[in-house]
Every structure is written in structure tokens, then in C-alpha cells.
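The sequence and structure come first, then the description.

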Amino acid sequence: MAASARKTNRGPQEKAKLGQNFLVDPSAAQRIVDALGDISKSIVLEIGPGRGAITQILSKSAGRLIAIEYDRKLAAQLRMAYSRVPNVEIIEADVLSVDFDTIIQGDLGGISDRQNTPPTKARIVGNLPYYITSDILLKLFEFHRNFDSIVIMVQREVADRISATPGKSEYGLLSATAQLYTDVEKLFTLPPEAFSPPPKVHSSVLRLRVNPKAESLGVGAGEFIDFLKLGFAQKRKTLVNNLKPHFEEERLKNGLKELRLRADVRAEAVSLEKMAGLFKSIRS
Ligand code: SAM
């Protein structure tokens, strides 16, 4: 398939650092695929198939598999291996440059031509290259209407941040953004030895069920995320101190009072609902 992939100018040195820690524990690969549920009729999009540890299992169980690999050599090897497998497509591209609307909806003419039919929903899976985990997640959230669930392996500390609830020290902008778009479950953790070469860190598998909440919170997703960025700007500061360069201090304090929040509360202790309440009260 022709993906609208923009080629980036990464040099050889950067290519050497593509986060290539390959999964060598077959039972873990099977658990990752199992976490996707019944995929026999689904489009599954794999990010970074690498040497194919997960791809191999997916190719047997997915209705259709699209795998996006940036490393030219690995992509060529995968294309050779799956050239006669009709449900598998290998795309050589930087996942940060692909247009998911085109890839998922493309065959049917693109989202804009399909306003009366619901978009096809794909499932995302990937043992993500850790150097761009946040960028990949932000991109998946931006294109969320193409997906119904996302099963990803990330560094354990990042998984803890994504799944943290308000009040926990790991709760921050990444948690709030992920939870604005999805319901997050932490599934299991693997030691470094499950990979070759072993990374320095443990890795955890998360399942994110797409469930966008901006509309029910009464906010626009884009403007609310910009507000969250301001609120979480400096972890040590209170919410008011982070926000007062941008909003009237009096209104902020009144807004917090109405929500029964302390004037010195930090963003990490505030639920998405209350954050949206504050945003609406100071914006109106
Ligand atoms: N899925 C394989 C496994 O579990 O063994 C490989 C996982 S490895 C952690 C990450 C993979 O992502 C590598 O194959 C790497 O080449 C690929 N990758 C790195 N950056 C990428 C990018 N920007 N777009 C697509 N794939 C990328």
C-alpha cells in the first residue's frame, strides 16, 4: 500500500539508535497478541515489527495486518518473508510521518468522503522504540478516531506515568493526555532478559481502549490539552502559580474554591473532571 510517508533526514548514526531491542520471549509475544482480543476480522497495525516476533503470530490471527518499520533492511527482510501472505502488508516508513487516515481509511476514499459511514477502526500493537514513545502516543491520540484499542510495550517507568491516577507522584501531563483519550490498563511487566540486546530497563505492556472524554467534559480537546500543558508546566509549583502568568489570579482562586480544591493544590492531584471544570470557569 502507498502510505503518504514523509521521508525524514535521519543520518546513519541516528538510524543506529532506533530502539532495537528485539523480543526473544515467544510467550510474551503471544500474550501481547492475546491482549488485542479477537482480531480475526480486524485491521491490526503494528508499529516497529523489527525481526517479526509479534508479526509472526499476528499474521496468523489478524484479518489484515499492516506493519510499519523504519529500518530499511528489516523492512526488506519482512517484505520478503511475507510476500506470499495475502493479509500482510509491510510499509517502510517513519511511523511519525505516516497519515493514519490514509492508511486505515484509504482504500475506501478517505474520511472526508465517508461522513455518513462510521470509520473503520483498527487495533494498534507494538513493542515501541523507546526513544519516541511519547511522540508516537501523541500521534495516536491525534488520529484516535481510526483506532479502538492500542496494546503497546513501553519502558516500565513510562507505563507507570501513563497509567497513574491523580494524587500519585507519577501523574502528569502524559497521564492526563492519555486518559483524556483512552481507558488505560497496565497488563504485565517483562525483565530486560526478554529482549536481545537487553535494555537497561524493565518493560511493561499497556492496553489503551479508545474512549475520548473531551466532549463529555464540555471542552475542546486541543484547547484543553494546551491548558493542561500550562497547568503541569513546573511540577514543583502549585497549579495557581503555573497558571497565573496566563489567567487572572483571582479567577483562578475562585474557580478552585467553587470546585472545593485548595488554593495551593498541584496539578498532579486534580482529576480530569475538575481540571475541565476549572478551565471552563476561568475561560467563561
Ligand atoms: N517488534 C519487534 C520486537 O518486539 O522484537 C521490534 C521492537 S524494537 C523495540 C522497535 C522497532 O521499531 C525496531 O524494529 C525499530 O527499527 C523500529 N523503529 C524505530 N523507529 C521507528 C520509527 N520511527 N518508525 C517505525 N519503526 C521504527
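## Residue classes

Ala, Val, Leu, Ile, Met, Phe, Trp, Tyr, Cys and Pro are counted here as nonpolar; Asp, Glu, Lys and Arg are charged; the others, Gly among them, are polar. The model is predicted.

## The cavity

The count gives 1 cavity of 30 Å³ or more. The largest cavity has a volume of about 60 Å³. Its lining includes Tyr171, Phe232, Leu239 and Ala267, together with Gly231, Gln234, Thr238 and Asn242. Lys235, Lys237, Arg266 and Glu268 also line the largest cavity. By class, this lining splits into 4 nonpolar, 4 polar and 4 charged residues.

## The ligand site

The ligand sits in the largest pocket. Around the ligand are 25 residues, the closest being Gln20, Leu23, Gly48, Glu69 and Asp94. This shell consists of 14 nonpolar, 6 polar and 5 charged residues. Strand E1 (22-23) and strand E3 (64-69) each contribute at least two residues to the shell.

## Polar contacts and burial

An N or O atom in the side chain of glutamate 69 lies 2.6 Å from an oxygen atom of the ligand. For tyrosine 131, an N or O atom of the side chain is 2.9 Å from a ligand nitrogen atom. Tyrosine 70 uses a polar backbone atom, which is 3.3 Å from a nitrogen atom of the ligand. The ligand taken alone exposes 590 Å², and the protein buries 99% of that.

Key:
Residues are numbered from 1 along each chain as its sequence is written. This is a predicted model: local features need pLDDT of at least 70, side-chain atom pairs count only at pLDDT 80 or more; totals for chains, interfaces and linings use all residues. Side-chain values use heavy atoms; hydrogens and water are left out. A residue is near a molecule or strand if one of its heavy atoms lies within 4 Å of it. A polar contact is a pair of N or O atoms within 3.5 Å; within protein, one must be able to donate a hydrogen and the other to accept it, and residues adjacent in sequence count only if both atoms are side-chain atoms. Accessible areas come from the Shrake-Rupley method with a 1.4 Å probe; for residues, only the protein chains shown count as cover. On a 1 Å grid over the protein atoms alone, a cavity is a set of points where a 1.4 Å probe fits but cannot get out, and a pocket is an open set with protein on both sides within 12 Å along at least five of seven lines; lining residues have an atom within 4 Å of a point. A molecule sits in a cavity or pocket if more than half of its atoms lie within 2 Å of its grid points. Helices (H or I, at least four residues) and strands (E, at least two) are DSSP runs, numbered from the N terminus. Grid points are joined across faces, edges and corners, and a volume is the space filled by probe spheres set on the points.
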